[in-house]
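Look at the chain below before reading on.

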Amino acid sequence: MKIVLTGNDLTVAKVWEIAVNGAEVEISPEANERLEASRKLVYELVDADVPVYGFNTGVGWNKDHTIAKEFFEDFNRKLIYSHSFGVEPEASEAEVRAIMAIRLNCLLLGYTGIQPAVARRYAELLNAGIHPVVPEKGSVGEADLTPLAHIGLVMIGEGEAYYQGRRMSSAEAHKLAGLEPVVLGPKDGLAIVSSSAFSAGEAALAVKELEELVEMGDVISSLSLEGLHGNTSPLEPEVMAARKLEGQAKSAERMRAYLAGSDVYKRYPGKPVQDPLCFRGAAYINGSLRDALAYAEKYLVIQMNSTDDNPCLLLDEKRIISNSNFETTTLATAVEMLSIVLSHVSRMSCYRMLRLANPELTKLPRFLSHDGGESHCFGTIQKCFGSLDTEIRHLSNPCSVDYLSLSGSIEDHSNNTPLVVQHLRQIVKDLQYIYGMELIHACQAIELRKQRDGFALGKGTAAAYEAFRRVIPLYTNDRPLAPDVKKAYEFVKSAAILKSVKEVL
C-alpha cells in the first residue's frame, strides 16, 4: 500500500497505515512543485540580506547574531547538534514513522522553504525502513525541538537508527539502504526541529486506539448489563432525544443494537427499577468520551495538515515572518480533556466489576465463584484494576500549565504537549487492561446466569461473548489470573471484539 501525501488530507487512519502497517509514502507532484518554489524564494531572500529569524540570524536568545552565507551549512548542522539532548525512554518505531510522516506532510505545504532533498529524505527513510532513534523526553511543547533534532542527526549521517529492525549507526543504515546523508543549507535545521510533529505523531496512534476503545466500551458495557440483568430504560431513544447530547445518543443506539433480542429486556420478580450509576450511566459516560474524542481529533487533524513553522514563508507574498504557529495549547488541552473523561470511563468500568462481584446486586455467587463460594475467584483481582484506575486518575491531572520561562525569558510560555500525549498513551494502555478484566467479569456473570436461568444474549453481545470465550475459558476453579489478564488485554488491544460484532450486525 502507498499513501500519497499532499499536505492537506492526512488522516489518523492514514498515519496508522504508514506507522503500524508499514505503508510507503509518495509526495504528490503539486507538493513537489511547492517545495521547489518555496526553496527558490529562500535563495532570493538570502541574496537580499533580509534579516530572518533562524535563517540568517541565530535562534532563541541568540537571535541577535548574524549568520553569513558561507556559514549556513555549519550553522544548521550545529543547530541540530545543540538540540540533540533527549533522554530515555525512546519512541517506538511505529511512533517514529508517524512523526516523520506528519512532519513531511506539513513541510509539503511550502511554508518552510526547506531544501526539497531534505523534505524528500523523510519519505526515503520511511520507505527504506530507516527509523531514527528518538528519545522522548526533552521537549516542553513549544515545538518539539529536542526529539525532532535526533531525526535531523540521522538525516546528516549521525546518531543512531534502526534499519529493518536492527539498531546501528545512521552512517551504516544509509550505506545499507543506498542513500547519502543530506547536506543542510539555509533554513533547513530550523525546518527540521521547529515543529510539533513529535507530539502529533504519538497522539495520532493513541487516538486511533481510542477510536476502537470507544466502540468497545459500548459492547463491554452491554455485556456487563446482561451480567447484572439490569435495566435498559436509560438507553431508550426517547430519553436520548430529550437530552440532545450527540455522543450519548450514539452510544445508547449502539448498545440497543448489541442487546437486541436479549433477555435483559425481561422483567423478573423483585427486579430493581434502576441500577447503580456505573450501569445506568454507561452510555452517557461513553458518550462523553465520544464527544471529547471528536473534539480532540478535529484539532489533531488540523495539526497534521497545517504549518507550525517559525518563521513562516509566505510564497505568494514573497515574505518570511516570525510567528508563534508552533503553539499547540489547543491540542494539549483537548488531549487533557480526553484524559479526564477516560478517568471517568475507567472508574465506571471498575465499579461495574465491583458490583458484579456483589451477590446482593446480582443474586449470583460472591466474586462470581463458579462453585458457589469455595474458590476465591475474582476477589483479589480487584486490587489489580484498582491500581490501574489510580494510575489513570493520576495521569489525568492537567500538566499543560506547568512550565518555566526559558531562553533568557524569551520563551516564557509552553504547554508540555509531549508529556500530555504520553500520559494519554499510558491511560489508553491501562484502560485496555481494565476493559479486559471487565470482560472477564461480565462473561463469567453471563455464564452463571445462563446456567441458572437459561439467559439469552443479544445478537451483538452473543457474538462478542463467543469471541471472548475462544480466548479465555470459564473460570471454574482458582487458577493464576495473570495469564488471563494478559490475554484479555491483548484481545481488547486487537479490537477482535469489534470484528466479531460487525460480522453479525
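Glu 438 counts as buried, because its relative accessibility is 0%. The model that shows this residue is a predicted one. The partner of Glu 438 is Arg 352: the two form a salt bridge in which the closest N and O atoms are 2.6 Å apart. Arg 352 lies in helix α14 (residues 329–356) and Glu 438 in helix α17, so the pair ties together parts that are 86 residues apart in sequence. Arg 352 also counts as buried, since its relative accessibility is 1%.

Elsewhere, salt bridges with shared partners link several residues. Glu 95, Glu 136, Glu 202 and Arg 425 are joined into one network in this way.

## Other salt bridges

How many salt bridges are there? The count comes to 28. One of them joins the side chains of Glu 124 and Arg 121, with 2.6 Å from N to O. Both Glu 124 and Arg 121 belong to helix α5 (residues 116–128), and they are three residues apart, which is about one turn of the helix. Is Arg 121 buried or exposed? With a relative accessibility of 7%, Arg 121 falls under the 20% limit and therefore counts as buried. Glu 124 has a relative accessibility of 30%, so this residue counts as partly exposed.

A further salt bridge brings together the side chains of Glu 317 and Arg 319, at 2.7 Å from N to O. Glu 317 has a relative accessible area of 48% and is therefore partly exposed. Arg 319 is partly exposed as well, because its relative accessible area is 40%.

## The chain as a whole

The chain contains 20 helices and nine strands. Its C-alpha trace spans about 90 × 50 × 40 Å along the principal axes. Of the 505 residues in the chain, 56% are buried. The chain exposes about 20600 Å², and carbon and sulfur atoms supply 54% of that area.

Contacts can also be sorted by how far apart the partners are in sequence. Among contacts between residues at least 6 apart, 79% join residues at least 24 apart.

## Aromatic rings

How many aromatic pairs does the structure hold? There are four. One of these pairs is formed by Phe 378 and Tyr 475, and it is tilted, with 5.2 Å from centre to centre and 45° between the planes. Phe 378 is found in the loop between α15 (359–362) and α16 (381–395), and Tyr 475 in the loop between α18 (459–469) and α19 (482–494), so the pair ties together parts that are 97 residues apart in sequence. Phe 378 has a relative accessible area of 1% and is therefore buried. Tyr 475 is buried too, because its relative accessible area is 4%.

Another ring has a charged neighbour. The charged end of Lys 208 sits over the ring of Trp 16, at 4.9 Å from the centre of that ring.

Glu 447 is part of helix α17 (residues 417–453). Because its relative accessibility is 17%, Glu 447 counts as buried. What does Glu 447 touch, not counting residues up to four places away in sequence? Its contacts are Tyr 465, Arg 469 and Leu 474.

Ser 400 is placed in the loop between α16 and α17. Its relative accessible area is 7%, so Ser 400 is buried. Leaving aside neighbours within four places in sequence, Ser 400 has contacts that include Ala 332, Thr 333 and Glu 336. Ser 414, Asn 415, Asn 416 and Val 420 are also among the residues in contact with Ser 400. Gln 248 is 152 residues from Ser 400 along the chain, and the C-alpha atoms of these two residues are separated by 28 Å.

## A nonpolar patch on the surface

Which residues form a nonpolar patch on the surface? They are Val 140, Leu 404 and Leu 406, which together have about 250 Å² of accessible area. Val 140 lies in the loop between β5 (135–137) and α6 (145–155).

Note on methods:
Residues numbered from 1 in each chain as written. Predicted model: local features only at pLDDT ≥ 70, side-chain atom pairs only at ≥ 80, totals over all residues. Heavy atoms only, no water. Patch = residues over 30% accessible without salt bridge, like charges linked within 9 Å, V, L, I, M, F, W, Y side chains within 5 Å. Areas by Shrake-Rupley, 256 points an atom, 1.4 Å probe, with all protein chains shown as cover. Salt bridge = Lys/Arg side-chain N within 4 Å of Asp/Glu carboxyl O. Helix = DSSP H or I, 4+ residues; strand = E, 2+ residues; numbered from the N terminus. Buried < 20%, exposed > 50% of the residue type's maximum accessible area, 1.4 Å probe, protein only. Contact = heavy atoms within 4.5 Å. Phe/Tyr/Trp six-rings, centres within 6.5 Å; stacked < 30°, edge-to-face > 60°. Lys NZ or Arg CZ within 6 Å of the ring centre and 35° of its normal.
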